[in-house]
Amino acid sequence: MKSLQSRSFGKKYSQIYDCLECQHPDAKPELIYKNNFELLTAVILSAQCTDVRVNAVTSALFGRAPDAAALAGMDVGDIEEIIKSCGLFRSKARYIQQTAKLLCERFGGEVPSGFNELVSLPGVSRKTANVVRSVGFGIPAIAVDTHVFRVSRRIGLSDGKSVEDVERDLRKRFPENVWNRLHHLLIFHGRRVCDARAPRCGECSIRDYCRAYLRNDFSYKS
């Protein structure tokens, strides 16, 4: 466990982190990938789609297109057919094909580590770029998805109205060396405990620090 107790951050935040670590010691990426190209593609596909479904789709997709050059050369209709069980599959097919082409044209077929380079690619949001930087390159980053956004606002870690606001507040409250881990802890807590519509407060290790629980106000549903 990477305890924050000895660091110059508020006691409340170190205790929240340690409680989440104890409750979700198995928190980790659940997308299956072999390299950063596969990771980037899978994260683009994961928008409004479960990791389980993405993993089923990418198993077939990467069998046909194991690298950027191969994916860039595929017919978009064939890509759509493979990924059609994912939500928004037509736009995602265009995004991942266009991104593969740009990886070949600009970066020698490799995924760049720079934030600005990543968000310049089709279908790559701020969250996607931070996931790739964090998981693929080990660069300290906090990727704010729907779970991180909801849980952070409910607990009181942020009052931000946007992904950028919540990311900024989390970066202020927690030391850089745990950002990558914190991202997964908050995701697992959102999936397993802090459900959008029916949070399981009786199972929550951080309820005594949670603004929503203490006020009995669960208006932060998204």
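Begin by selecting leucine 88, which is partly exposed, with a relative accessible area of 48% (buried means under 20% relative accessible area, exposed over 50%, and partly exposed in between, with a 1.4 Å probe and protein chains only). Leucine 88 lies in the loop between α5 and α6, where helices (H or I, at least four residues) are DSSP runs numbered from the N terminus. The phi of leucine 88 is near 55°, a positive value in a residue other than glycine.

Before moving on, note that this is a predicted model, in which local features need pLDDT of at least 70 and side-chain atom pairs count only at pLDDT 80 or more, while totals for chains, interfaces and linings use all residues. Residues are numbered from 1 along each chain as its sequence is written, and side-chain values use heavy atoms, with hydrogens and water left out.

Next, select glutamine 48, in the loop between α2 and α3. Its phi is near 55°, a positive value in a residue other than glycine, and glutamine 48 is exposed, with a relative accessible area of 70%.

Now show α2 and α6 together. Their axes (lines fitted to C-alpha atoms over the stretch in contact, with angles from 0 to 180 degrees between N-to-C directions) come within 10 Å and cross at roughly 155°. The two helices, α2 and α6, are therefore roughly antiparallel to each other, a term for angles over 145 degrees. To see the contact (heavy atoms within 4.5 Å), select Phe37, Leu40, Thr41, Ile44 and Leu45 in α2, which meet Lys92, Tyr95, Ile96, Thr99 and Leu103 in α6. The residues of this contact between α2 and α6 divide into seven nonpolar, two polar and one charged.

Which residues does leucine 71 touch, not counting residues up to four places away in sequence? Select Phe37, Thr41, Leu61, Ala65, Ile79, Ile96, Gln97 and Ala100 to see these partners of leucine 71.

Conventions
Parallel < 35°, antiparallel > 145°, perpendicular 65-115°, else oblique. Nonpolar A, V, L, I, M, F, W, Y, C, P; charged D, E, K, R; others polar.
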